[in-house]
Every structure is written in C-alpha cells, then in structure tokens.
Amino acid sequence: MGDEDWEAEIIKPHMSSYVPVFEKERYSSGANGDTFNRTPASSSEMDDGPSRDHFMRSGFASGRSLGNRDAGESSKRENTSTVGGFGVGKSFGNRGFSNNKFEEGDSSGFWRQSSNDCEDNQTRNRGFSKRGDSEYEQDEGMQRAGGLFGSRRPTLSGAGNGDTYQNRSGSGSGRGGYKGLNEEVITGSGKNSWKSEAEGGESGDTQGPKVTYIPPPPPEDEDSIFAHYQTGINFDKYDTILVEVSGHDAPPAILTFEEANLCQTLNNNIAKAGYTKLTPVQKYSIPIILAGRDLMACAQTGSGKTAAFLLPILAHMMCDGITASRFKDLQEPECIIVAPTRELINQIYLEARKFSFGTCVRAVVIYGGTQLGHSIRQIVQGCNILCATPGRLMDIIGKEKIGLRQVKYLVLDEADRMLDMGFGPEMRKLISCPGMPSKEQRQTLMFSATFPEEIQKLAGEFLKSDYLFVAVGQVGGACRDVQQTILQVGQYSKREKLVEILRNIGDERTMVFVETKKKADFIATFLCQEKISTTSIHGDREQREREQALGDFRCGKCPVLVATSVAARGLDIENVQHVINFDLPSTIDEYVHRIGRTGRCGNTGRAISFFDPESDNHLAQPLVKVLSDAQQDVPAWLEEIAFSTYVPGFSGSARGNVFASVDTRKGKNTLNTAGFSSSQAPNPVDDESWD
Ligand SMILES: Nc1ncnc2c1ncn2[C@@H]1O[C@H](COP(=O)(O)OP(=O)(O)OP(=O)(O)O)[C@@H](O)[C@H]1O
C-alpha cells in the first residue's frame, strides 16, 4: 500500500487515532492475545468512540492478528501480503493492514494524517533537513504556517473520542483521538502567518475546537525540584576529552564551580542539584558566557550543556538585577530560550526553575498543545526567563503579551535543529521582531551535540562576528559511554528481533525509535500484544498523552517507550539503559542524538540499531566513522557496505576532523580539559561573508 492509500483514509472526519498506552496489567491476556477487549473499562467507556468501536470490530480485540506487516512495511511493499507476521497462530488474525488498508476505515486504529509521512518522504533527500523533521515541524514549526510548509493535515472538525487505553482504564485523558487536530486547526489556519493562532485561535474565531489542555504544575517541594540522578562511573573520564576553542580572545576555562564566582544562592542550588564537578562544556562555556561573549558550543549528548548556559545567565541576572516583575503590565523577559520540542523545553524550564530557586528570577515555560490562555497567565505573573517552543513563542509575541526590548540572552538549544529548514524561518522572524535587540546588543548562545557546517554558516546571522566556538568530544559526537551495536536486520525480521531483544532486556528502560508516527503506534501495539509494557510518544498524540507517556516511562510503569524523532533530542531520562533504532534515521546526526538518550552524565548505556541494507546503505559510511571514532566494534559487513557505497570526498558529519563538529571558520586551539592554555589563534574569521 502506498502512502496515497494512507492519505485516502485521512479524509474521513470521524476517525480518530488509536493512541496507545500499553501496560501488561491493563490487558489480561486472552488465549489468543486478545488483549484489547479485556481492559477494565466500563461498557460506557468502551462505547465512547467510533474508532474504539471499530478498533474492536476490526480485529484488534478479537484475537486476530494486527496483521502480517507493520504499517511502515505495508507502505513500502505493495500487494505482498501474509509474509512474516508476528502473531503466533491466529493471534491477532491474518488480516494484514496492507490487505484491508483499514478499509473499514471509518475508524482504523492506525490511520493518521500523513503529512508526517509526506514530509518524511519529501525531506529525506533535502539538504540538511531530516527524516524526522515533520515531527518537529508539526510539533511547532510547521503548524504555524501550513501554507508555507505545505502541511497536508486535514482540517477535521472533531477530535477523537477517548480511545486511549488510559481512558479505558480510567486513568487517562478525557479525549483521545488525533492529537494534532485542535492545534492544527487553530494554528495552521493562518496564511503563512505565525500570528494565526494569536489572531483568532484562542478567541475562537477560527474553525475548530480550542486546545484546552493545561499541563499540571510541576511539584513545588524542594526535594522534587532538586531531584536528580547520579553521575556514572565514567563521569571523571570527561576530564580526558579533548576540547577545541576557536575565535578571538577566549577567556580561560575554569576548573571548579568556585572559580565561576557565582553568588551564594546559585552555589547552594548547584550543590543541592548534586553537581560537584564541572563537565568540560561547562568549564569552557561558563567563563565565555560570563565574559559576555556569543557562543556556539558543541558537546556530546548528556554532558551538561543545559547548566552550561543556565548558570552563567542566572549569575548575570542576579548581578545585574532584573526588570520584569509581576506588577508590570507588559512582561519583558531578559532571557529567551528556545528548543525544538515541547518535552525538551519543559525539561529546560525545570532546570531553570531549579537553578533559580530562592532567587528573584522567575522562569516560565510555554509550548504548543496547551491552552494559549494558560501560557499567557504564566507570563503575566512575571517572566524573566522565557522557555518556549518557537510556535508558541511567536504566537505570544503576536499577541503582544511579551515585549522583547529587555532581551539580553537568546539561547538556541539543539541549535542546529533550530536553524534548519524546519525552524529556521521562525527563528529569523524572532530576531527581526519589533523590539528584539540586534545581535550586537544581545548575547546569543547556541548549543547542540551536532553542528553541520551548513548550519554553522546560517548561525552567523544570529551571532556576533567574534563569537567563540567550543567543540567537546570525539568525531561524530557519539558518546563513548554508549556501547553501539549494529545488526543487519531486514524489514521483515525487525519485529521478531525487537521482541527477542526486549525479552532479554527485561524491565530495563528502553527507547525504541521508529521512522514514522503511525509506525510508532503500530509497534507499540504490537509490543503490548507481546505482553511488553509499552507506551509511545510522537507528534500525533495529544499533549496530555505525550506527557503521560513520558511520565509512565520515566517512572518505569512502562519500561519501553516507542518514539519517533520527536524524542531524539535533549530528553534526559534517568536510567534509560537501552536505545533501539528499529529504523535508522536518515542522517548520522540524528543517530547521534537518538543514542544519546542513554549513556548520560558518565553512566553507561547500550544502543542497538537495525540496519536494513535495503534502505540504510547511505548511512554505512558515516556509521563506520561514528563507531570507530567512539572506539566501538565495526562489523565487517558494515565496512563492506561502506566500502561498496564509498562516496569520494565523504568525510562524515565530522568532515574528517577529530571533533564532533568543527568551527567552519579557521584557526583552532585544541585543548585538553585538564590543560588550560588560554592562547588563542589569531582570528581567522571571514566576518563579512557570514553577516
Ligand atoms: N556538573 C554536573 N554534575 C552532575 N550532573 C550534571 C552536571 N551537569 C549536568 N549534569 C546532569 O547531567 C544530565 C545531562 O545534562 P544535560 O541534559 O544538560 O545534557 P546535554 O548535554 O544537554 O544533553 P543533550 O545533548 O542530550 O541535550 C542532567 O541530568 C544534568 O542534571
């Protein structure tokens, strides 16, 4: 079945997406694996949505197989049915998705709008945009300007009707269904205007229902605020990582928190957070930011980049004093932090709240998928540090709920993502908004584990010409604390292999990355049927469901999280011991981010990736490079593929350099974090060409 077939399904307005939260205990096992109809739901709950009804009728609940092929496979292999299969015997029956195409499609379980797939396909070969782009774009960027980005999302008028397992078990959200619906109707209605939501969405002028979700406030008690996990056995090894600083007159790195001369409250908070020692990116970035310099910093996943920018910004704010207060009509934050996903920006906010605890600095977070009025209410109570996803930020600015005149710090976390084709236009709009201080008048800070050269060039638009570039770590940026394994697994064998691996893993927390949203649902469902407690996160789930899924995963209730690339970056979840790339991403940078969800902060982790020679050969060469640079075993078969697909001149994301990313300007200083040569190379920057 081609993508067109999936597309055809989306125009049926009463369908709702099946959005699973799978837990063993919620589904008593039937002889035939008919788990879904044995939830503890009441009959009325079971009746409350056509999709659920259909879901039950169409075989999921009746002991039939989910099908012989998963959604992703079926879209690739037209008209070949009944091969493979994961169910034993008639478990979940023999009606593959591909055969019936959800043809009872008025409520198919895994239907979903397919702008994601569509975008996936479009973006796969598109410069530096990534296969998972649409996840982000729908998350925040694309939704602002459907016309601009060509969203094909349907403007359905009704949301789903509660077909979540949480609902069935009585613990979930009030509404299930198609997560993006409300947001898309509201925010995608504008013609290329990020003001669309601001202009009408929340006031109800646009077609479609409002987003009403108000996220629960985070716990206020000190223990929760400062809860943290332990650094791992390899934390001290950070000291041996090579660091490269380039640019003019970089201040010397610091060795200890004391050298940063932070105020007492900040030091107390650092201690309460369990930080006793700086990580390399902190050693270099903190003095650079304290010196007022612009910075582009590239350091391996899980190595403390968040604190590297938060601490010096807070230190400055404490020192300089803050202007915004709850008594002002117009809130004018001194600091704006943007990140590509809602979950990540929320995490950054929690870090900001932690480090500003007991100070007069107030951090606020706003992101899409939540009620706009709620975001505004948070802001008007006082806002010094505004943590935001781009779309919601632009809406709030459009609504004139914040002023930008006081912005002294602009932080782009996952900066390469923030500047690529998905978010780049939004970011450009942000810096040209009325009132936004010019780059000469603000401090701009960019952080990521990866920085493709093309993106670095774009970044020049945002940064002062004398910005400093800090690169920490080895080629490709893969964290050495992650043991990487690449297995050659064809599409048809992936599910079987996945189950085998997960059964061996037991209850250890595992993130499984797949290519598309519908596949995330599909694999999560499949795992549930295999009695593996699983939940899923992707851009088609409602925000409350995403947060619930993350919560269930964090606390271990569901030790397996099936995710799309929306969860690839930044998420810092304790005890994620394994990452499985069920589908490899399209770019090596995305791979580096995904596997970086484990092996964080000196802890060890494992990443297993299924390499399908049918579709992943383009990754062979960069994978070999990333593996060997991270001192991992490189399978002979992978080397062979890499050799046979050799592209002359290829040098991987690291462009043949020992560092994960290199400053595209010339002239570097290579330092060990233990040695603090402060001598800097002469400034080789070709400023003009970047401005
Ligand atoms: N100096 C430190 N001492 C102890 N723990 C730290 C220190 N710095 C950061 N951490 C912890 O390490 C974890 C990872 O930090 P963080 O999320 O900032 O990493 P990151 O570099 O931003 O990763 P990613 O590239 O995946 O976004 C967090 O739990 C954080 O609290």
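Which residue in β6 does I336 stand opposite? I336 stands opposite L386. This is a predicted model, where local features need pLDDT of at least 70, side-chain atom pairs count only at pLDDT 80 or more, and totals for chains, interfaces and linings use all residues. Residues are numbered from 1 along each chain as its sequence is written. The protein has 28 helices and 16 strands. Helices (H or I, at least four residues) and strands (E, at least two) are DSSP runs, numbered from the N terminus.

**Overall build**

- Buried residues make up 59% of the 691 residues in the protein.
- A residue is buried if 20 or more other C-beta atoms lie within 10 Å of its own, exposed if 12 or fewer, and partly exposed in between, with C-beta atoms placed from the backbone.
- Take the contacts with a separation of 6 or more: residues 24 or more positions apart account for 78% of them.
- Two residues are in contact if their C-beta atoms, placed from the backbone, lie within 7 Å.

**Two domains**

- The domain assignment gives domain 1 (222–472) and domain 2 (482–645). Such bounds come from an automatic or database domain assignment.
- The C-alpha centres of domain 1 and domain 2 lie 28 Å apart.
- Across the boundary, 25 residues of domain 1 are in contact with 20 residues of domain 2.
- On the side of domain 1 that touches domain 2, helix α16 (residues 342–355) gives the largest share, four residues.
- The residues of that side of domain 1 divide into nine nonpolar, eleven polar and five charged. Here Ala, Val, Leu, Ile, Met, Phe, Trp, Tyr, Cys and Pro count as nonpolar, Asp, Glu, Lys and Arg as charged, and the others, Gly among them, as polar.

**The largest nonpolar core**

- A nonpolar core is a set of buried Ala, Val, Leu, Ile, Met, Phe, Trp, Tyr and Cys residues joined through C-beta atoms within 7 Å.
- The largest one holds 138 residues. Of these, L295, C387, V470, V512, I523 and A563 touch the most other members.
- Helix α15 (residues 305–320) supplies the largest share of this core, nine residues.
- Both domains take part: the core draws at least three residues from each of domain 1 and domain 2.

- Strand β4 (residues 335–338) is covered on both faces. C335 and I337 are buried on one side, and I336 and V338 are buried on the other.
- Strand β7 (residues 409–413) has five of its five residues buried. Y409, V411 and D413 point one way from β7, while L410 and L412 point the other way.
- β4 and β7 pair in the parallel sense over four bridges. Two strands pair if DSSP finds at least two bridges between them.
- Across this pair, I337 has V411 as its bridge partner, and I336 has L410.
- β4 also runs parallel to strand β6 (residues 385–388), joined by four bridges.
- β7 runs parallel to strand β8 (residues 443–448), joined by five bridges. Y409 stands opposite Q443 in β8.

**Loop residues**

- N261 is not a glycine, yet its phi is positive, near 55°. N261 lies in the loop between β2 (242–246) and α13 (264–272).
- N261 counts as partly exposed because 13 other C-beta atoms lie within 10 Å.
- C601 also has a positive phi, about 55°, although it is not a glycine. C601 sits in the loop between α25 (588–595) and β15 (605–611).
- C601 has 21 C-beta neighbours inside 10 Å, so C601 counts as buried.
- V361 is found in the loop between α16 and β5 (363–366). V361 is buried because 24 other C-beta atoms lie within 10 Å.
- Leaving aside neighbours within four places in sequence, V361 is in contact with L314, M317, I322, S356, N384 and I385.

**A motif from the record**

- UniProt, in an unreviewed entry, places the feature "short sequence motif: Q motif" at residues 255–283. UniProt positions are given in the numbering used here, feature names are shortened, and annotations may be inferred rather than shown by experiment.
- Over residues 255–283 the chain is 45% helix and 0% strand. The end C-alpha atoms of this stretch are 6 Å apart.
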